[in-house]
Amino acid sequence: MKLRNSSCTERSMAACWMERIGAGPAPKVANLSGPPMSLVVANGGLGNSVSREELSAALKEMGETESLLMPPHKPYAFVTYRCEESALKAYTHLNGQMLQCGESSVTLYLAYVNSVTHEEEASVPLPEGLVLLEDFVSPEEEALLLAAVDWSSTNDDVTAQKALKHRRVKHYGFEFRYDNNNVDKDKPLPAGIPAECLPVLERCLRNGHINVMPDQLTVNQYESGQGIPPHVDTHSPFEDTILSLSLGAKTVMEFRHPDGRVVAVVLPGRSLLVMKGESRYLWTHGITPRRFDMVPACEQQSPDHVTPEPGTRSNLTLSKRGTRTSFTFRKIRLEPCRCAFPSACDSQGASSTPSPSTPSPPALPCCHADAARLEEEYVHRVYDAIASHFSSTRHSPWPRVCHFLSSLPPGSVLADVGCGNGKYLGVNPEMIAVGCDRSSALVQICAERGFHAFVSDALNVPLRTASCDACISIAVIHHFSTEERRLAAVRELVRLLKPGGHALIYVWAFEQEYNKQRSKYLKDHNKEHHGKENLTKNTSEDRQEPHGKSAMQNSGHSEEGYEPVDKKQDVGKVTDGKLSVHTNRTAFNTQDLLVPWHLKEGKKQGEEESGDGVKRNKRKEKSKKVLTNQTRIDSNPGLSPGFDASMSPGLRLDTDDATHSPDSKPSPSGTTQTSSSHLKSESESHLTPVFHRYYHVFHQGELEQLCSQVDGVKVQSSYHDQGNWCVILEKD
């Protein structure tokens, strides 16, 4: 644990931040009434990448602690000491100190509170049929198994090795094919399951975890920050039980039921995950690509190994991911599947191969609950899934936003609501800037860059009323799916402002051609397409939208399955209440739509083009049509992290080289689909996952009209900036 003094400027800014902004809603904190032994530790929370171990070590140097409460995703913590003297020592010595957290550091600020209360919730049970066995193999067996996999070859036909963009993969026994989401049962691979695996499999037989020896193995290797999207392993190629052995670093795998239930399971190194019945056939499972996981601290997790849902437990810490190798064993199925889950079974009619039928796109919400679900599906999940790639394309602040920020007086307090990777938080170093975002993955990136940021919904920001001199909301409000929620977002910005404070709002414009000038978004449309509407060939349309968001979920249908809006229809109207998928780089035909995000992990920043003139590489787009791929499992080799083949409507695999808007963010309800038509491996065919994001693009005058409904604020100015409608508000 390393502490060092911060500068006087940092201390004064911190004091101002604490006094004027405050910690915001959290566990209930009472007023001081007795011996002060409890403290709030601002800037010392899980939400800004401070682990329990790092913070606890610093706090315990001041004296014996009774409890340490670290709310999930929050940038603060609460500590209670055994005696008043220890609390005073912590308050005196830790205030303004820099705490080293891995490769970054944070400045701690403490304030007294009387007491802290919180509610503990029970852990969610494991999905039916799922069993996790810790320490199933010894460290010696782990070393033998890892040594048995030779990664020196980059394309080995014997083990069907593939060097994918997001992980490395090898197949033994049979190769999983991505053109039909199946295996060729008549063409076994030359290499069977390695002999080093046999003792482990024999132990599984003896212990009753399986009743037949597997004949197919897929080995995946993930580096830190990599993952695999939610998926269900195809029913027809493989029998019921699936074994997944985790070697190396631990990770967190999320299981999702079609009814919306989510169970996060910690997979320690050397553990065996056994999936049978419902957990194998119906629940999707995936690993969110990120560098840290929130896990129970000090191994004090429940016997069922389930991590709590966000907000349900306080005994959490951060676990940094390392290299993880998974061995997934399966038995080839020789007869059609007759499971009890026909809705997800390709043998019983559920599609696992490309289908010419058109899937039903999501509908516009008709109530608050529907809107929240849509945004969770098509914005929030996508943000976390594409955070790394999204951040790599958000490196150039927009000039007029920078002008607004640079005009603020020194010492001004700024709240960036929907801050993304924090690219605007450092524009004006003379102001006190704090950001918030719904994506914990993006907030983590902010923390790694040294910015103050925390996880929050834009409708309920945990900052004090009238605490900010200025607020910005750059390309956020257009992701809310009802007018009531968009209005609530504006009201929340105004609530944060002090009298006389200003807010800058950017939203994507329906009018991409204004004053006889086409936006860069339309100008960048690839001329090779000659204006044809093709949902898979055009570049991504986010380019002009400063912070567009995406989302993630699986529907098992390709993007082509959504039909573009008929141009004969009334412009701006959604037909039959259903959302359409927008054709990239074309004028909008409707206000409410789904916008694709083409995931390009590993791309250099210079290859992405921003809306404010950052150059991109001109590349020919592939003309192959991409069809739907089916659901997969952690062992299925070609799936890129962040997409689910048959359970999410918003993600698919695409062959075109797409670019993205410098600031677009995942939208409220992105779904996930995978697709591949006659494609080999991801590396061979340049497959890219595509997420769909919900947008409401604003008509001219609509943003001003929305803001006029908020009391106590006036529109100081409004303008059109490269395909966006923008307003500056002033609070009375």
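1. Let me begin with strand 27 (residues 432-437) and strand 28, which run parallel and are joined by three bridges. Within this pair, Cys-436 sits opposite Phe-454 of strand 28. Please keep in mind that this is a predicted model.

2. That pair belongs to an open sheet of seven strands with mixed pairing, and the order is 28-27-26-29-30-39-38. Strand 28 (453-455) and strand 38 (713-720) are the edge strands, each pairing on one side only. From one strand to the next, the twist averages 15°.

3. Which strands does helix 9 lie across? Helix 9 covers strand 27 and strand 28, and its direction is about 165° to strand 28.

4. Helix 9 (residues 440-448) also packs on helix 7 (residues 368-392), with the axes 7 Å apart and an angle of about 35° between them. From helix 7, the contact takes in Tyr-383, Asp-384, Ala-387, Ser-388, Phe-390 and Ser-391, while helix 9 brings Ser-440, Ala-441, Leu-442 and Ile-445. Sorted by type, the residues of this contact are six nonpolar, three polar and one charged.

5. Now to another sheet, which is open and has four strands in the order 4-5-3-8, paired antiparallel. Strand 4 (65-69) and strand 8 (109-113) are at the edges with a single partner strand each, so one side of each has no neighbour in the sheet. Neighbouring strands here are turned by 25° against each other on average, direction ignored.

6. Strand 3 (residues 38-42) and strand 5 (residues 76-81) are antiparallel and share five bridges, with Ala-42 opposite Tyr-76 of strand 5. Strand 4 and strand 5 are likewise antiparallel, over four bridges, and Ser-67 faces Thr-80 of strand 5.

7. Helix 2 (residues 52-60) lies across strand 3, strand 4 and strand 5, at about 150° to strand 4. Helix 3 (residues 84-94) lies across strand 3, strand 5 and strand 8, and runs at about 150° to strand 8.

Notes. Residues are numbered from 1 along each chain as its sequence is written. This is a predicted model: local features need pLDDT of at least 70, side-chain atom pairs count only at pLDDT 80 or more; totals for chains, interfaces and linings use all residues. Side-chain values use heavy atoms; hydrogens and water are left out. Two strands pair if DSSP finds at least two bridges between them. Helices (H or I, at least four residues) and strands (E, at least two) are DSSP runs, numbered from the N terminus. Axes are lines fitted to C-alpha atoms, for helices over the stretch in contact, and angles run from 0 to 180 degrees between N-to-C directions. Contact means heavy atoms within 4.5 Å. Ala, Val, Leu, Ile, Met, Phe, Trp, Tyr, Cys and Pro count as nonpolar, Asp, Glu, Lys and Arg as charged, and the others, Gly among them, as polar.
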